[in-house]
Amino acid sequence: MPVRKSQSGRVGRGKGFGLGVAVVSAFAFGGSGVAAKPLIEAGLDPLHVVWLRVAGAALVMLPLAVRHRALVRERPALLAGFGLLGVAGVQAFYFASISRIPVGVALLVEYLAPALVLGWVRFVQRRPVTRAAAVGVILAVGGLACVVEVWAGLSFDALGLLLALGAACCQVGYFVLSDQGSDSGERAPDLLGVIAYGLLVGAAVLTVVARPWNMDWTVLAGTADMDGTPVSAGLLLAWIVLIATVLAYVTGVVSVRRLSPQVAGVVACLEAVVATVLAWFLLGEHLSAPQIVGGAVVLAGAFIAQSSAPARTSAEPVASGGPERELSARGNVA
């Protein structure tokens, strides 16, 4: 029937848009490392780079926080959870873990998050999970193991692994809370408002952890070396703040609302592939054959997971255990 055909077309377009935005988010997040590494090598502490990233993004989004200040009264738990888990928690746990275990191992453990999201959906929310999504997770995690060459520096530091697992759990919180629609009203919380306040909360927490008053601020006035090419430290910081944080978080939350936490989580595994490829071109860190094959496997896993997942016809939040409701999340995204 004509009506059904029209609905199917809208669903297909919505799903395709969500996938495209998820890929943009993965590219934006994946570009943070190649911009941050020269700053770290120029003399900034890694935690100070993280603080600059989050605090700068919070400053950019501050006008939106003021505009949507009603959210503080309406959804305080959501804002606090997004800031503590999706912003500060992922960053703090990840950087703490790489101080004890190899980066590749920490990255692999952190990106167990898509599998943990599937577990949350299936066993906590008791919602069905497609077989394709499960296969996609398995392929993505296996491919990621090749991308980071986990065998090259395998270490079994128990505390380091627990910290990396903490980062994975916080990333689950990011995906789950990004999907939060409305469990008590008719409208989903405003997308940009949630991100703005999440960044503000994350910046406040990271200020205590990073102690930026001890930072060498003079580094930002000079240049940093990117594979032999001097680049303005201010330009690198601007990229980290505007592209790798503001754009990355906005497109990431949009993709979760358009697809689903489990599908968007698998696509997010592309971040590690993007980071590795950009490091090859911009930092001279060449890829090995297993890394190239692993990247292809991650891509295959992401494609399989999204190809058979039903598009979102309603925006029932994964974080909500209530009955289905018709939400206006798409209106807020626009």
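These are my notes on one chain, looked up in a predicted model.

**Overall make-up.** I began with the chain as a whole. It has 334 residues, and 52% of them are buried. I listed the secondary structure next and found 15 helices and two strands. For the accessible surface I got about 15000 Å², with 67% of that area belonging to carbon and sulfur atoms. I then looked at contacts between residues at least 6 apart in sequence; 85% of these join residues at least 24 apart.

**The strands.** I looked up how the two strands are arranged. Strand 1 covers residues 223–226 and strand 2 covers residues 229–232; they run antiparallel and are joined by four bridges. I noted that Thr-223 stands opposite Ser-232 of strand 2. Strand 1 and strand 2 make a hairpin, with two residues between them. I checked the turn as well: Asp-227 lies there and has a positive phi of about 55°.

**A nonpolar patch.** Which residues make the nonpolar surface patch of about 390 Å²? I found Leu-84, Leu-85, Val-205, Val-208 and Val-209. Helix 5 (76–97) and helix 10 (191–210) are the elements that give two or more residues to this patch. Helix 10 has the largest share, with three residues.

**Val-205.** Val-205 is found in helix 10. Is Val-205 buried, partly exposed or exposed? Its relative accessible area is 30%.

Terms used
Residues are numbered from 1 along each chain as its sequence is written. This is a predicted model: local features need pLDDT of at least 70, side-chain atom pairs count only at pLDDT 80 or more; totals for chains, interfaces and linings use all residues. Side-chain values use heavy atoms; hydrogens and water are left out. Two strands pair if DSSP finds at least two bridges between them. Patches are made of residues with over 30% relative accessible area and no salt bridge: like charges are joined within 9 Å, nonpolar side chains (Val, Leu, Ile, Met, Phe, Trp, Tyr) within 5 Å. Accessible areas come from the Shrake-Rupley method with a 1.4 Å probe; for residues, only the protein chains shown count as cover. A salt bridge is a side-chain nitrogen of Lys or Arg within 4 Å of a carboxyl oxygen of Asp or Glu. Buried means under 20% relative accessible area, exposed over 50%, partly exposed in between (1.4 Å probe, protein chains only). Contact means heavy atoms within 4.5 Å.
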